[in-house]
Amino acid sequence: MKIVIIGGTGLIGSNVTNKLRQLGHTVIAGSPSTGINALTGEGLSDALENADVVVDLSNSPSFEDGPAIQFFQTVGRNILSAERNAGVKHHVILSIVGTHLMEGMGYMRAKKIQEDLVKSSGLPYTIVRSTLFFWKF
Ligand SMILES: NC(=O)c1ccc[n+]([C@@H]2O[C@H](COP(=O)([O-])OP(=O)(O)OC[C@H]3O[C@@H](n4cnc5c(N)ncnc54)[C@H](OP(=O)(O)O)[C@@H]3O)[C@@H](O)[C@H]2O)c1
């Protein structure tokens with residue numbers, strides 16, 4: 001399978017990339033440092049060509065309310081739109097347990113927005129929810 005990991009160089013993304021490669025999948029680890037920027041759209045459509053699955057493990061460089069919301073909203077829209085154009089079969093995101101209970105925190109609101117975009121995308125999807133095990137300030 002061809003799998004594109006957006007945020008594939010990050011803490012979780014690099015581990016997922018390694019594990020999927022060990023299982024024999026063709027994996028593209030996408031991030032601005034590898035020429036795939038989901039915020040600007042740079043490199044996105046080329047990376048998604050013939051992809052079966054996209055796993056969005058990107059993260060906002062800022063945890064401030066406004067920038068985090070802006071990041072997940074824009075990145076979510078850009079990736080889902082590129083997936084529709086490319087005919088990607090499945091979309092996966094990693095969210096956080098209890099986002100709907102903590103909407104007072106901008107970052108949690110941003111993750112809830114990301115979930116809602118995926119749910120309303122019309123694409124087959126999986127939302128995995130983890131507790132926060134690593135949080136950098
Ligand atoms: N860590 C946790 O405890 C935890 C728990 C639950 C859910 N999550 C979710 O899991 C996801 C990944 O978290 P993480 O801790 O692995 O994050 P991380 O280590 O900060 O990694 C973020 C990744 O996103 C990439 N990225 C940043 N801006 C991008 C852009 N414009 N376009 C494409 N990629 C971009 C980074 O690329 P560069 O390296 O090039 O900057 C990096 O590969 C997040 O959505 C987070 O909400 C995390």
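Student: What makes α4 mostly covered?

Tutor: Of its 14 residues, 10 are buried. Buried means under 20% relative accessible area, exposed over 50%, partly exposed in between, with a 1.4 Å probe and protein chains only. Among the buried residues are G106, Y107, M108 and V118. The model is predicted: local features need pLDDT of at least 70, side-chain atom pairs count only at pLDDT 80 or more, and totals for chains, interfaces and linings use all residues. Residues are numbered from 1 along each chain as its sequence is written, and side-chain values use heavy atoms, without hydrogens or water.

Student: What do the buried residues of α4 pack against?

Tutor: They pack against β3 (53-56), α3 (65-86), β4 (90-96) and β5 (125-130). Contact means heavy atoms within 4.5 Å. Helices (H or I, at least four residues) and strands (E, at least two) are DSSP runs, numbered from the N terminus.

Student: How do you know that the span of helix α4 agrees with its 14 residues?

Tutor: The expected span is 1.5 Å times one less than the number of residues. For residues 106-119 that gives 20 Å, and the end C-alpha atoms are 20 Å apart, so the two agree.

Student: Why is S121 called buried?

Tutor: Its relative accessible area is 10%, so S121 counts as buried. S121 lies in the loop between α4 and β5. It touches L80 and R84, leaving out residues up to four places away in sequence.

Student: How do you know that β1 and β2 pair?

Tutor: Pairing needs at least two DSSP bridges between two strands. Strand β1 (residues 2-6) and β2 have five, in the parallel sense. In one of them, I6 is partnered by G30 of β2.
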